[in-house]
Amino acid sequence: MNDMRPILFFTLCFSLLLASCIREEEFDNTPQGNFEALWKIIDEQYCYLDYKQINWDAIHDQYQPLITPDMSSDGLFEVLGDMLAELKDGHVNLYSASNTARYWDWYLDYPRNYDESLVEQYLGRDYRISGGLKYTILEDNVGYISYTSFSDGIGEGNLDETLSYLMACNGLIIDVRNNGGGNLTYSTRMAARFTNETVLTGYIQHKTGPGHSDFSDPEPIYLEPSSNLRWQKPVIVLANRHSYSATNDFVNAMRYLPLVTIVGDSTGGGAGLPFTSELPNGWTVRFSASPHLDADMQHIEFGIAPDVEVDMTEEDEAQGLDTIIETARRLLRITS
């Protein structure tokens with residue numbers, strides 16, 4: 001089957017356009033009007049209100065008394081940002097010309113499990129760079145790839161060159177810790193190098209109306225094998241709580257492949273495809289609009305647990321060792 005993402009994106013935009021047409025109420029460019037407009041957008045189009053058991057009506061009643069006719073723009077922005085934080089969603093942001101409201105507790109309350117200086121030691125000075133990939137061969141003949149942002153592009157040629165260089169290795173470590181996401185195309189393009197057959201990796205739904213549970217039937221998402229060079233040896237994917245959004249999608253796809261093991265901490269989640277809308281004053285709100293489910297039709301909004309859970313230790317760090325990388329190397333020695 002062909003890659004479904006462009007079709008799904010079009011369906012998402014069309015579905016949300018229809019949903020926005022349902023909302024006929026106009027709001028004034030006043031503090032109260034902007035508050036009501038934002039509350040209504042989330043009420044009708046945010047996709048996780050029921051799943052997260054959020055009483056959005058009660059949140060309206062909690063924050064509405066804080067809105068006054070003569071409040072400053074900064075004051076209004078703070079109240080609206082605090083209201084959006086009740087959603088506990090890293091894909092929810094409010095943008096003005098002077099600030100961005102964001103929710104970071106989805107990873108701040110967890111072990112960091114990543115030290116950039118240690119990763120640089122493993123890469124060494126002569127590591128190679130191909131697109132967004134940094135890669136090298138460790139001394140035990142294990143390939144190591146660090147990919148810290150799916151916003152940094154990778155083309156088919158980048159993947160061909162990287163995998164060709166690492167092909168003699170006994171196994172491969174793909175480190176997507178602290179990768180906060182980016183372009184789903186790159187996530188899918190990379191995962192496609194590790195399967196020889198079509199694999200069901202999940203489902204997606206779209207909003208069909210203003211009700212909190214108004215969704216389309218789940219549409220399957222398939223990972224298709226690349227027609228280019230594919231890896232045929234054991235792979236370990238390293239993740240932590242800062243592995244979010246498109247990285248959450250990547251880890252979800254990889255865990256369904258037979259030669260892949262996920263090591264480290266749970267991912268950060270962020271499974272709802274984001275959409276944007278505008279308030280009367282021109283501020284932009286981004287929010288999760290279409291839920292992504294796994295192949296068992298379970299939500300992955302709150303993250304994906306690893307196959308082997310391990311945290312970095314202070315003792316290892318003091319010795320210049322990354323506990324999670326070292327665990328992956330030991331596992332590869334066992335399987336290779």
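Buried here means under 20% relative accessible area, exposed means over 50%, and partly exposed covers the range in between (1.4 Å probe, protein chains only). With that scale in hand, Arg 177 and Asp 175 are both buried. The model is predicted, so local features need pLDDT of at least 70 and side-chain atom pairs count only at pLDDT 80 or more, while totals for chains, interfaces and linings use all residues. Residues are numbered from 1 along each chain as its sequence is written, and side-chain values use heavy atoms, with hydrogens and water left out.

The overall fold comes first. The chain has 11 helices and 14 strands, where helices (H or I, at least four residues) and strands (E, at least two) are DSSP runs numbered from the N terminus. Its radius of gyration is 22 Å, close to the 20 Å that the globule rule gives for 336 residues, so the chain is as compact as a globular protein of that length. For this comparison the radius is taken over C-alpha atoms, and the rule is 2.2 Å times the number of residues to the power 0.38. The C-alpha trace spans about 65 × 45 × 30 Å along its principal axes. Of the 336 residues, 52% count as buried. The accessible surface comes to about 15000 Å², and carbon and sulfur atoms account for 48% of it; these areas come from the Shrake-Rupley method with a 1.4 Å probe, and for residues only the protein chains shown count as cover. Among contacts (heavy atoms within 4.5 Å) between residues at least 6 apart in sequence, 74% join residues at least 24 apart.

Attention now turns to charged pairs. Side chains of opposite charge can pair when their charged atoms come close. The structure holds 12 salt bridges, each defined as a side-chain nitrogen of Lys or Arg within 4 Å of a carboxyl oxygen of Asp or Glu. Arg 177 takes part in a salt bridge with Asp 175 at 2.8 Å, N to O, and in another with Asp 322 at 2.9 Å, N to O. Arg 177 sits in the loop between β6 (171-175) and α8, and Asp 322 in the loop between α10 (314-318) and α11 (323-335), so this pair ties together parts that are 145 residues apart in sequence. The relative accessible area of Arg 177 is 0%, which means that this residue is buried; Asp 322 likewise counts as buried, at 0%. Elsewhere, salt bridges that share partners join Glu 139, Asp 140, Glu 326, Arg 329 and Arg 333 into one network.

A further salt bridge brings together the side chains of Arg 189 and Glu 156, at 3.7 Å from N to O. Arg 189 belongs to helix α8 (residues 184-191) and Glu 156 to helix α7 (residues 156-166), so the pair links parts that are 33 residues apart in sequence. Arg 189 is partly exposed, with a relative accessible area of 24%, and Glu 156 is partly exposed too, at 31%. Helix α7 also contains Gly 157, which counts as partly exposed at 43% relative accessibility. Between Gly 157 and Ser 130 the C-alpha to C-alpha distance is 8.8 Å, with 27 residues separating them in sequence.

Strand β10 (residues 260-264) is mostly covered, since 4 of its 5 residues are buried. Strand β9 (residues 235-239) runs parallel to β10, and 5 bridges join the two; strands pair if DSSP finds at least two bridges between them. Within this pairing, Leu 238 has Val 263 of β10 as its bridge partner.

Leu 200, in strand β7 (residues 199-204), is partly exposed, with a relative accessible area of 26%. Leaving aside residues up to four places away in sequence, Leu 200 touches Pro 220, Ile 221, Tyr 222, Tyr 256 and Ala 295. Leu 200 and Thr 261 lie 17 Å apart, C-alpha to C-alpha, and 61 residues apart in sequence.

A polar atom of the Asn 93 side chain lies 3.2 Å from the backbone oxygen of Ala 101. Beyond residues up to four places away in sequence, Asn 93 touches Leu 84, Thr 100, Ala 101, Arg 102, Thr 284, Val 285 and Arg 286.

Conventions:
Polar contact = N/O pair within 3.5 Å; in protein donor to acceptor, adjacent residues only side chain to side chain.
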